[in-house]
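This report is written for a reader who is new to protein structures. Please keep the sequence and the model in view while reading.

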2 protein chains.
Amino acid sequence: MSNWIKGLVVVSALSFSIPSSGGNADGGLLKKAMQIFGPLPQVMVSEKNPVTPEKVELGRILFYETRISVDRTVSCSKCHPIGLYAADGLRKAIGNHCKINPRNSPTLFNAAGQISAHWIGNRTDVEDQARQSVIGPPSFGMPSYEAVERRLREIKGYRDLFKKAFPEADDPVKVDNFAKAVGAFERTLVTPSPFDAFLTGRKEALNEEEKRGLKTFIEVGCDMCHSGASVGGQMYQKFGLMEPYWKYTRSEEIDEGRYTVTKKEMDKYVFKVPMLRNVAKTSPYFHDGSVDTLEDAERIMAKIQLGKDLTKSQLEDIASFLKSLTGRIPEDALRIPLLPSME
Amino acid sequence: MSNWIKGLVVVSALSFSIPSSGGNADGGLLKKAMQIFGPLPQVMVSEKNPVTPEKVELGRILFYETRISVDRTVSCSKCHPIGLYAADGLRKAIGNHCKINPRNSPTLFNAAGQISAHWIGNRTDVEDQARQSVIGPPSFGMPSYEAVERRLREIKGYRDLFKKAFPEADDPVKVDNFAKAVGAFERTLVTPSPFDAFLTGRKEALNEEEKRGLKTFIEVGCDMCHSGASVGGQMYQKFGLMEPYWKYTRSEEIDEGRYTVTKKEMDKYVFKVPMLRNVAKTSPYFHDGSVDTLEDAERIMAKIQLGKDLTKSQLEDIASFLKSLTGRIPEDALRIPLLPSME
């Protein structure tokens, strides 16, 4: 076990206690929560890819564009349908020609706020994820970036839309700009929830059960990994610190996680800690979608990450807190754009 | 050749001439067009399935519901994505487990105004189409209606939504009600266009080229089959009255059309005449999507249905008229609904 993972386990054993009820207690809980989490920003900004209305508009259109995949059936929306909270409800995502992807589709909501994209961190950011998807063999499956650009150019209406979004480019219809536009759209997919209202000082924004759940979440030690505004997505961690995960998830295959990227022994079974924003809406759970319900997921996590057996009421309280992370989807993301036609 | 088909050919040979320009000519064209076509209604009503806001709302949600298909990837929206004008841009629709459907996905816009659904008329109406889709082996692929109902009941949120839409039913979560709700939603998918403005007397709603195209469309005889408010969808007709269609479309397979339903010799190669509403937005064309461009489709139709070789300028004018049939999608259909979650 690497030192930093050991360190986390030690901190877990020392986890503090929060007074259990009353106005002052709420104040203590709020203060603690403010330190650990933090409300979502309005837009997940990026220096490398400034968010402009024109880029977002183009990205929102491209998000639904199936005609640039090898079999003309895959768009970003296939694995991240907005109406299902930008996840697809499947154990593992299904791409072109019904190819099964190696892992579960995570939601795109708030995803731009993470340290990287994908479960094993092999995409640096949402732009990189969009760019690599188009040539990903199990996703869009195109043979090259040039082939994608040819498809984009065949759809006449894109010329003007790319020009508007990238006015300084001589030849704007490029995969890099596809990635920037889709990335800019994704950077607006921020879903503020009752928990954000709580974090900005409105103690009544969470009910008693939700607050109890938040308190339990912190006391048990879930927050050591699931922290930051996205309640996760800020670090990598071994899945199954105490015991092999597959004994509990009953996973059909053993996934070596980040090891497949780095080939370092310390990265075996290490995954990016998933965000918990909207988690109640995005079953099934874990990198392989092997677990269907929120309470089962909580129970397994407490057991194999923290060595703890949670009680039924602890599981229920934490589930209530997690449901308070279900957010409001931005109006613009709920509008279907019309795609440019071929002629 | 059956008598009614022969009759149509005779009428075609007699087709009238319309004066070619000037205000009075427009009046003549308008009058003629009013007799042949007719503006779209606001909603495609049905006595069997009255359209209520609650049914439409439920239908709009169910339209995106993938979890009731055998592999949890197929929804109505898969083959009829709203952003691509409720068609999918593929030659033939692709359903569960990547099964290829026998024919091209027609647009759902204005589809409820036709004599039947599907290319070969083997679905009586949009409700019947929705109902049969869920057990259609190449579409949703479920083994039985009961299996679909079990899936619907697993998604807790549907209970209340079905109850609201069908308040008099004791047990509303039924495939019949799924079909009625989806049908009611589809009955609102009406797309008024500049042509409708013209048909209500606003002569300036079409420009000169579009009017020339409309005039040519009628003079050539296209309107004998493509008539009514949907500019088609009102009768069956043999595809290839003059010559076998596959000689021109270069179709990979020979589809016997309505013969496969009725087993009557007179129905060989007979298909429902497709609507031309939004045709410029819904390539590729014909029952097998074998032809990519509008002008190629026009050229082939004139040749093999009417025995006529159209000039380049006739083809361009008709294309202009057909583009005036591209309509405005109702605002409500451009909103993505949030799907109820499993818990």
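## Basis of the report

This is a predicted model, in which local features need pLDDT of at least 70 and side-chain atom pairs count only at pLDDT 80 or more, while totals for chains, interfaces and linings use all residues. Residues are numbered from 1 along each chain as its sequence is written, chains are lettered from A and ligands numbered from 1 in the order in which they are written, and side-chain values use heavy atoms, without hydrogens and water.

## Aromatic pairs

Over all chains, the whole structure holds 30 aromatic pairs. Rings of Phe, Tyr and Trp (its six-membered ring) pair if their centres lie within 6.5 Å; planes under 30 degrees apart count as stacked, over 60 as edge-to-face and the rest as tilted. Tyr158(B) and Phe162(B) make an edge-to-face pair, 6.0 Å centre to centre with 80° between the planes. These two residues are four apart in helix H7 (residues 158-165) of chain B, so about one helical turn separates them. Helices (H or I, at least four residues) and strands (E, at least two) are DSSP runs, numbered from the N terminus. Both Tyr158(B) and Phe162(B) are buried, where buried means under 20% relative accessible area, exposed over 50% and partly exposed in between (1.4 Å probe, protein chains only).

Tyr245(B) and Phe271(B) are also edge-to-face, because their ring centres are 6.3 Å apart and their planes are at 80°. Tyr245(B) lies in the loop between strand E1 (236-238) and helix H11 (246-249) of chain B, and Phe271(B) in strand E2 (residues 270-272) of chain B, so the pair ties together parts that are 26 residues apart in sequence. Tyr245(B) is buried at 0% relative accessible area, and Phe271(B) is buried at 4%. In chain A, ring pairs join Phe239(A), Tyr245(A), Trp246(A), Tyr269(A), Phe271(A) and Phe286(A) into a cluster.

## Charges over rings

A charge sits over a ring if NZ of Lys or CZ of Arg is within 6 Å of the ring centre and within 35 degrees of the ring normal. The charged end of Lys268(A) is over the ring of Tyr259(A), 4.9 Å from the centre. Arg258(B) lies over the face of Tyr236(B), 4.1 Å from the ring centre.

## A covered helix

Which residues of H5(A) are buried? They are Val126(A), Glu127(A), Asp128(A), Gln129(A), Ala130(A) and Ser133(A). Helix H5 (residues 126-133) of chain A thus has six of its eight residues buried.
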